[in-house]
Amino acid sequence: MDMRFTPGEQAFRDQVRAFLQAELDADLARKVRLHQPLTKAEMEGWHAKLSAQGWLAGNWPREFGGAGWTAIERHIFEEESARAHAPRIVPFGIAMLGPVLQKFGSKEQQDHWLPRILNGDDWWCQGYSEPGAGSDLAGLRCRAERQGDHYVVNGQKTWTTLGQHANMIFCLVRTSTEGKKQEGISFLLIDMTTPGVTVRPIVLLDGTAEVNEVFFDDVKVPTENLVGEENQGWTYAKYLLTHERTNIAGVGFATAALENLKRVAQAQVHRGRPLADDPLFAAEMASVEIELMAMSTTNLRMLSAAAQGQAPGIESSMLKIKGTQIRQRLDALTRRAYGGWALALPATGNEGQPEGADEVLSASATWLNNRKLSIYGGSNEIQRSIIAGALAKG
Amino acid sequence: MDFQLSDDHRMLQDSLRGILTRHSGGALWPALVEAGVPAALLTEDEGGFDGSGAAVALIFEEMGRAGVALPLAGTMIGAAAMAQAGQPAEDGAIVAFADAEPGTRYDRGVAIRALGDRLTGRKTMVAGAEDAAAIVVTTADALWLVRPGAEGMSLRGYPLIDGQRGADLGFDATPAMRLGSLADFDGPMARGVLAHAALALGTITAAVNLTLDYLRTRKQFGQPLVSFQALAHRAADLAVEVEQARSAVINLAGHLDDDAPLRDRHLQACKVTVGRVARIVAEETVQMHGGIGMTEEYALAAMVRRLLAADAAMGDADWHLERFARGEPAWA
């Protein structure tokens, strides 16, 4: 047993830190730290810097222009990026669609779409959930009918994150209603500038419009935009979800949130002394820190097993549950640390806000926004059912 | 980063599993001694041949899985302390570690005090004291060696909750040899915490596995229990917590020989995590079994009792959490 990173991994960590030090703009890092919405240009600017360094697609093999990092290297990059408050890499093209095209796409699709993702030519979003198909995703009804050399798409997608910036959407659509519901689903790439596509924002608990509804009304999609085979989309969707979950533990985000919480608890006054010295609050902070110490090692154990070729099983579901519980506990403690100072509404706009309270507003906004953590990517209840399903088999 | 067992440790694990399958009762201790298990818990300097975090963790996890109730942790701590003080214990001898005191949670020196080289007062819950060749006793700030039957010493034996025999020890100006100050023995003490935590991890694993077997086979309303979501999700939560406990044990095992501040942080985190999970598992596995989980005859009963014991030994989750929160060292 050896818990140390290899010298090569240590050197890689130093390289990532040096890059972040040199390239990450302080104002941008501040916005990320305060969970303020980034503009499209800010996100694209960060992608461009990473792309120039060859680091935008750490998860892609080198043959497709990726960095070909190991799972441990990806973990190091994600951890250091989160601690430095770098913008998160928008996952839809890089983390989700890329691996699907590499595995199931045609040569033409790979040659056309993959370089465009790396160059930032396209902004992808994900068309999975529907009003009637959330946790029961295979119940989706958005329909694609084949008519000669194109499909005609009708229906609705929802919870489309950052869809307001996107020009492309990858969608699960129903191409058959025969057999099991999983067997009639196809994976389609849709140009959002096509007539008949409408995007409407959904304002969330924290007052921001991060997600959208997307409507399709007789939208014509060329058949060459079908990925893999018709009615086999569920297989590709499941493959995508395993990639969506590679950074599921969110150790870096939790570490950054813990550091922030400790700073806040040191600065806030409680009964005439720092809140951090209050035994009750200190015990709560210690207890979540201890959870994070264990979860961080659980994460490394699973990454290390993956690096040795073991297929990921229920581990990612376990990390999803524990990782999101820890982050939500940290968010809750941070918000509570402000006590009565956290009453203002953290909305954007020009209605005014209390003086010097950026971080307080951020604590409320973060709490509100991060309720999503235990809901998206398969809710924690879905993850429990996945785990229990495996346990039931013994 | 490598979480695999070394070849040596894999062999040790195999041989240990064989012994635990073949031997039980009074025959087990001699078999373990013959196979060199107590010696594997000590470093070469202490007269053993390993003493690494990985070895201690794997040995005690196997003990926990198998439900062994032997004073191995106390023997390890006591023998290591004695060797460190130049008073090595006899090979294969049981050493009792007398730490807990009546009337206090985990304070030391409340019920016992040293005057010169004599001890007066009481120790309690001393596992293996009736069979011990030597007793290592803690006071407020030191470790002492007492020989069984020493002048002024009394012993009253009784069963412990984990299946071992324990004893109350009384001292009345009993002659003792001072091994050194408590702070000098933070290494053996840390290894002792790892032993208790790994023992608990083994028990946790056994109790959860037993419960999962039950959920898969027991039917109500015509369905196996595991098909009821109320139980399935709780089983999933237990599986998640077991991984947390395992990681906490690995963290302490991996940092056992690091500098004291870092080691103690992992020691506290380990005891907090394993203690918390042990309590959850004890409560949840009984509930998920239903009535059968209440019976002493069923295998779960002994496991639940051992889980309670593992949390209570050498500072429970609350005690270590407070020290972690205050940034204090593990002891003193």
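This is a predicted model: local features need pLDDT of at least 70, side-chain atom pairs count only at pLDDT 80 or more; totals for chains, interfaces and linings use all residues.

Author: Two strands are taken as paired if DSSP finds at least two bridges between them.

Reader: Which residue stands opposite I135(B) in β5(B)?

Author: Strand β4 of chain B covers residues 134–138 and strand β5 of chain B covers residues 142–146, and the two pair in the antiparallel sense over 4 bridges. Within this pairing, the residue of β5(B) that stands opposite I135(B) is V146(B).

Reader: Why is one side of β1 and of β8 of chain B left without a neighbour in the sheet?

Author: The open sheet has 4 strands in the order β1-β4-β5-β8 of chain B, with mixed pairing. Since β1 (95–98) and β8 (177–181) of chain B stand at the edges of this sheet, one side of each is without a neighbour, because each has a single partner strand. From one strand to the next, the twist averages 20°.

Reader: Which helix packs on that sheet, and what angle does its direction make with that of β1(B)?

Author: The helix is α5 of chain B, residues 72–84, and it touches β1, β4, β5 and β8 of chain B. The direction of α5(B) makes with that of β1(B) an angle of about 95°.

Reader: Is α8(B) largely enclosed by the rest of the structure or largely open, and how many of its residues are buried?

Author: Helix α8 of chain B, residues 260–289, reaches 42 Å from its first C-alpha to its last, close to the 44 Å expected at 1.5 Å a residue. Just after α8(B), G290(B) takes a positive phi of about 80°. A residue counts as buried if 20 or more other C-beta atoms lie within 10 Å of its own. α8(B) is therefore largely enclosed by the rest of the structure, the number of its 30 residues that are buried being 23.

Reader: How many residues of domain 2 of chain B are in contact with domain 3 of chain B?

Author: The domain assignment of chain B places domain 2 at 94–175 and domain 3 at 184–325, and the C-alpha centres of these two domains lie 28 Å apart. By class, the side of domain 2 of chain B that touches domain 3 of chain B has 4 nonpolar, 1 polar and 3 charged residues. Domain 3 of chain B takes part with 9 residues, and the number from domain 2 of chain B is 8.

Reader: Which element gives the most to the side of chain A that touches chain B?

Author: The contact takes 31 residues from chain A and 30 residues from chain B, and those of chain A divide into 19 nonpolar, 6 polar and 6 charged. The elements of chain A that give two or more residues to this side are α9 (279–307), α10 (315–337) and α12 (380–393). With 15 residues, the element that gives the most is α9(A).

Note on methods: Residues are numbered from 1 along each chain as its sequence is written. Chains are lettered from A and ligands numbered from 1 in the order in which they are written. Axes are lines fitted to C-alpha atoms, for helices over the stretch in contact, and angles run from 0 to 180 degrees between N-to-C directions. Two residues are in contact if their C-beta atoms, placed from the backbone, lie within 7 Å. Ala, Val, Leu, Ile, Met, Phe, Trp, Tyr, Cys and Pro count as nonpolar, Asp, Glu, Lys and Arg as charged, and the others, Gly among them, as polar. Domain bounds come from an automatic or database domain assignment. The expected span of a helix is 1.5 Å times one less than its number of residues. A residue is buried if 20 or more other C-beta atoms lie within 10 Å of its own, exposed if 12 or fewer, and partly exposed in between; C-beta atoms are placed from the backbone.
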